[in-house]
Amino acid sequence: SSDSDGEDVTEVPYDKILAGHYEHVKVVTHRGHSGWTRKVMYAPHLDLIISCSTTSTNSLVLGMKEKNKTLMRTTAFNVPQGVNCFDYNPHMNIIATGDVDLMVRLWNLCEETCWSARRSHDISYTRDPER
């Protein structure tokens, strides 16, 4: 079949992946969020899954695949009221989050710390879906 851009798309049923029908496709999971996951991104050069949720605990989670394991090792950051959205800059190795508490935070992945937090909006921000 084809997607909306006319590109070829192969549908892969999840149950067949779990049953081992696809030799080079594996499923890995993490139990990082207790609420709905708002966004997920793969950072290929770090082999890292980044995700966020609007919960105060585990608001921003980094998932790292460990060899021969299906459950990912995680590092979590807590943000009051949670994270609406994020973006990752691979050149600077930082994540910018748009948070429910109206703050924009910059996270340093090397040090696993928040570099900066600034109130920058009068309403909660989510990424424009048209971009």
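**View 1. Asp99 and Arg105 are both buried, and they are joined to each other.** Asp99 is buried and Arg105 is buried too, where buried means under 20% relative accessible area, exposed means over 50%, and partly exposed is in between (1.4 Å probe, protein chains only). Their side chains meet in a salt bridge, 2.5 Å from N to O; the rule for a salt bridge is a side-chain nitrogen of Lys or Arg within 4 Å of a carboxyl oxygen of Asp or Glu. Arg105 also meets the side chain of Asp101 in a salt bridge, this one at 3.0 Å, N to O. Shared partners tie Asp99, Asp101 and Arg105 into one network. As a reminder, side chains of opposite charge can pair when their charged atoms come close.

Before going on, a word on what you're looking at: this is a predicted model, residues are numbered from 1 along each chain as its sequence is written, and side-chain values use heavy atoms, with hydrogens and water left out. Local features need pLDDT of at least 70 and side-chain atom pairs count only at pLDDT 80 or more, while totals for chains, interfaces and linings use all residues.

View 2. Asp101 lies in the loop between strand E6 (94-99) and strand E7 (103-108); strands (E, at least two residues) and helices (H or I, at least four) are DSSP runs numbered from the N terminus. Asp101 counts as buried because its relative accessibility is 15%. Besides its salt bridge to Arg105, the side chain of Asp101 reaches the backbone nitrogen of Met103 at 3.2 Å. That is a polar contact, meaning a pair of N or O atoms within 3.5 Å; within protein, one must be able to donate a hydrogen and the other to accept it, and residues adjacent in sequence count only if both atoms are side-chain atoms. Leu102 sits in this loop as well, and its phi is positive, about 70 degrees, although it is not a glycine. Most residues other than glycine have a negative phi. With 15% relative accessibility, Leu102 counts as buried too.

**View 3. Asn58 has a positive phi.** Here the value is about 55 degrees, and again the residue is not a glycine. Asn58 is found in the loop between E2 and strand E3 (60-64). Its relative accessible area is 27%, so Asn58 is partly exposed.

**View 4. Glu66 and Arg73 form a salt bridge.** The closest N and O atoms of the pair are 3.4 Å apart, and the two side chains also make a polar contact at 3.4 Å. Glu66 is in the loop between E3 and E4. How exposed are the two partners? Arg73 counts as partly exposed at 43% relative accessibility, and Glu66 counts as partly exposed at 27%. By the salt-bridge rule, the count comes to three.

**View 5. Four strands make an open antiparallel sheet.** Their order is E1-E2-E3-E4, and two strands are said to pair if DSSP finds at least two bridges between them. The edges are strand E1 (37-43) and strand E4 (73-77), each pairing on one side only. Neighbouring strands are turned by 20 degrees against each other on average, direction ignored; axes are lines fitted to C-alpha atoms (for helices, over the stretch in contact), and angles run from 0 to 180 degrees between N-to-C directions. Six bridges join E1 to strand E2 (residues 48-53). Thr37 stands opposite Ser53 in E2.

View 6. A search of the whole structure finds zero disulfides. Cys52 is buried at 0% relative accessibility, and Cys85 is buried at 8%.

View 7. The pLDDT is the predictor's confidence in each residue, from 0 to 100. The chain averages 81, and 80% of the residues score at least 70.

Key:
A disulfide is a pair of cysteine sulfur atoms within 2.5 Å.
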